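Here is a short briefing to read alongside the structure.

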Amino acid sequence: MSDSPGRIRNRNSNPPSPNPNPNPNSKPPPPLTKRGRTLSLPDVWFKDQSLKHVVWKMHLRSLSTTPSPPSSDSDFSLLGFQSPLDPITRPDCTSLLSDELLLQVFSRLPSSQYISNSLVCKRWLYIHGRLVQSIKLNEWSFLNSGRIFTRFPNLVEIGILNACFVTPRNSGIVLTHKYLSIHIGTDYTDYGMFIEGSRILPSDFIDCGLEMIAKQYSNLRRIVVFNASETGLLSISGKCETLQELELHCCGDFALNGISGCRNLQVVKLVACVDGFYNTVVSDIGLTILAQGCSRLVKLELCGCEGSYDGIKAIGQCCQMLGELTISDHRMDGGWLAALSFCVNLKTLTMKSCKSIDSSPGLVEHLGSCPTLEELHLQQCQMRDKPGLKALFLVCDAVREIVFQNCWGLEDEVFATASVCRRVKLVSLEGCSSLTTGGLEAVILNWKDLQRLRVMSCNKIKDGEVSPALASLFSVLKELKWRPDSKSLVSSSLAGTGVGNKGGRFFKGMKG
């Protein structure tokens with residue numbers, strides 16, 4: 001059959017294939033899929049990259065099985081990849097920025113990113129070191145070699161406590177105390193001490209380190225020192241004129257002569273004895289030296305000290321600006337409480353981990369009082385010393401806030417001695433398992449100025465024993481946190497009743 005003039009088409013024969021590229025200058029048609037659809041650009045790219053990925057995997061597998069690396073990287077260049085044996089060279093855009101500009105950028109980043117940023121390159125490591133202002137030294141060699149000064153040139157706070165112990169690093173036993181964290185071995189036999197005296201760096205070593213620190217960091221504001229002598233402390237006090245906080249561990253009485261030149265020192269912490277670690281003596285001699293050399297103290301903490309009336313009196317007379325005094329695990333002689341009356345501007349008194357308050361407080365008329373005292377904190381103390389505790393409340397009769405936290409032996413009769421404090425506005429009881437509901441009620445109902453009450457984890461105080469008088473007191477408090485035990489239902493039963501609202505103030509709530 002003729003389809004067109006001059007041409008005959010055979011039905012049984014295949015049609016002639018057209019010229020795929022009749023014009024040599026024209027582009028080839030796009031490839032087709034199995035279903036006849038034209039391949040799009042993503043399909044072509046994905047197919048090409050898949051092939052490269054397969055070849056890349058095959059080459060990596062051959063590298064892992066072949067001992068010697070390939071001598072030529074032509075196969076990688078053909079695929080568009082760079083050889084994994086050659087370093088990736090990319091332009092460093094930050095090289096155009098000055099160190100000062102990068103320092104300003106890094107200073108605005110969160111401190112949690114400092115370490116990761118310092119691992120980018122040596123330049124960023126150096127800039128990161130300029131941002132760090134406080135460290136705790138763990139290796140003495142880092143200080144002795146001088147690397148600390150090039151790595152961290154702008155330190156204002158430094159602690160060398162953990163670095164002063166020669167301990168095995170591969171022992172796998174890490175002993176953590178509230179003051180330090182060190183590695184220990186299994187061969188300690190020195191009368192129950194975890195750290196033998198031979199494993200503590202000598203004082204002359206530490207004095208040399210302190211001299212280096214004082215020379216490099218003249219703007220130091222805080223330092224933690226261990227086992228230093230008068231010589232080492234003199235180098236700090238002579239060159240660090242801006243020093244404001246000093247924490248001394250394992251330093252005896254006469255070592256305190258070295259801090260007499262710290263005219264701007266405001267915060268001092270003396271740790272003389274820590275059971276199982278070290279044992280030094282700070283007596284009235286050391287306390288008197290401290291008081292005469294640091295007359296501008298506003299905060300003082302004495303841990304494991306063996307002072308008495310004379311030492312506390314010297315501190316009160318010389319340090320007229322002292323506003324906060326903390327006494328931890330003291331070994332003081334009887335009668336020291338009477339010296340607190342010389343602290344004429346004392347605002348906060350804290351006692352921690354004390355086995356007794358005062359073994360012999362003396363006559364009541366000789367105790368005196370602290371008229372400016374506002375807060376009294378007793379934490380993890382033994383309250384079985386009833387005469388000493390009574391004397392303490394007599395000295396602190398003007399206190400506004402009383403806090404008991406995990407104190408052993410705080411029974412009803414002992415807690416009743418606090419009734420002499422007539423100006424209490426806040427009382428907080430936590431972990432006092434010997435106190436009952438009746439003992440609590442007998443005291444707090446006499447405090448006419450009481451505004452805030454917190455009772456937490458006191459198992460002998462029960463909801464069912466709350467009297468109408470005590471419930472009436474709850475209704476006029478500005479703040480009430482009542483959860484004496486896990487079965488307390490007062491918080492849910494009083495919800496929505498308005499208990500705790502007074503003078504239009506918002507009730508902070510009895511948290512369950």
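**The cavity**

The count of cavities of 30 Å³ or more comes to one. Please keep in mind that this is a predicted model. The points below start with that cavity, then turn to helix packing and backbone angles.

- The largest cavity holds about 30 Å³ of space.
- Its lining is made up of Phe-106, Tyr-114, Asn-117, His-128 and Leu-131.
- Helices α4 (114-118) and α5 (122-131) are the elements that each give two or more residues to this lining.
- By class, the lining has three nonpolar residues, two polar and no charged ones.

**A helix pair**

- Helix α10 (residues 284-293) packs against helix α11 (residues 309-318) at an angle of about 5 degrees, and their axes are 8 Å apart.
- Angles under 35 degrees count as roughly parallel, and α10 and α11 are therefore roughly parallel to each other.
- On the α10 side, Asp-284, Leu-287, Thr-288, Ala-291 and Gln-292 make the contact, meeting Asp-310, Gly-311, Ala-314, Ile-315 and Cys-318 of α11.
- This contact brings together five nonpolar, three polar and two charged residues.

**Two residues with positive phi**

- Most residues other than glycine have a negative phi.
- Asp-329 has a positive phi, near 45 degrees, and sits in the loop between β11 (324-328) and β12 (348-352).
- Asp-329 counts as buried because its relative accessibility is 18%, where the cut-off is under 20%.
- Ser-457 also has a positive phi, near 60 degrees, and belongs to the loop between β16 (452-456) and α15 (468-476).
- With 43% relative accessibility, Ser-457 counts as partly exposed.

Conventions
Residues are numbered from 1 along each chain as its sequence is written. This is a predicted model: local features need pLDDT of at least 70, side-chain atom pairs count only at pLDDT 80 or more; totals for chains, interfaces and linings use all residues. Side-chain values use heavy atoms; hydrogens and water are left out. Axes are lines fitted to C-alpha atoms, for helices over the stretch in contact, and angles run from 0 to 180 degrees between N-to-C directions. Helices (H or I, at least four residues) and strands (E, at least two) are DSSP runs, numbered from the N terminus. Angles under 35 degrees count as roughly parallel, over 145 as roughly antiparallel, 65 to 115 as roughly perpendicular and the rest as oblique. Contact means heavy atoms within 4.5 Å. Ala, Val, Leu, Ile, Met, Phe, Trp, Tyr, Cys and Pro count as nonpolar, Asp, Glu, Lys and Arg as charged, and the others, Gly among them, as polar. On a 1 Å grid over the protein atoms alone, a cavity is a set of points where a 1.4 Å probe fits but cannot get out, and a pocket is an open set with protein on both sides within 12 Å along at least five of seven lines; lining residues have an atom within 4 Å of a point. Grid points are joined across faces, edges and corners, and a volume is the space filled by probe spheres set on the points. Buried means under 20% relative accessible area, exposed over 50%, partly exposed in between (1.4 Å probe, protein chains only).
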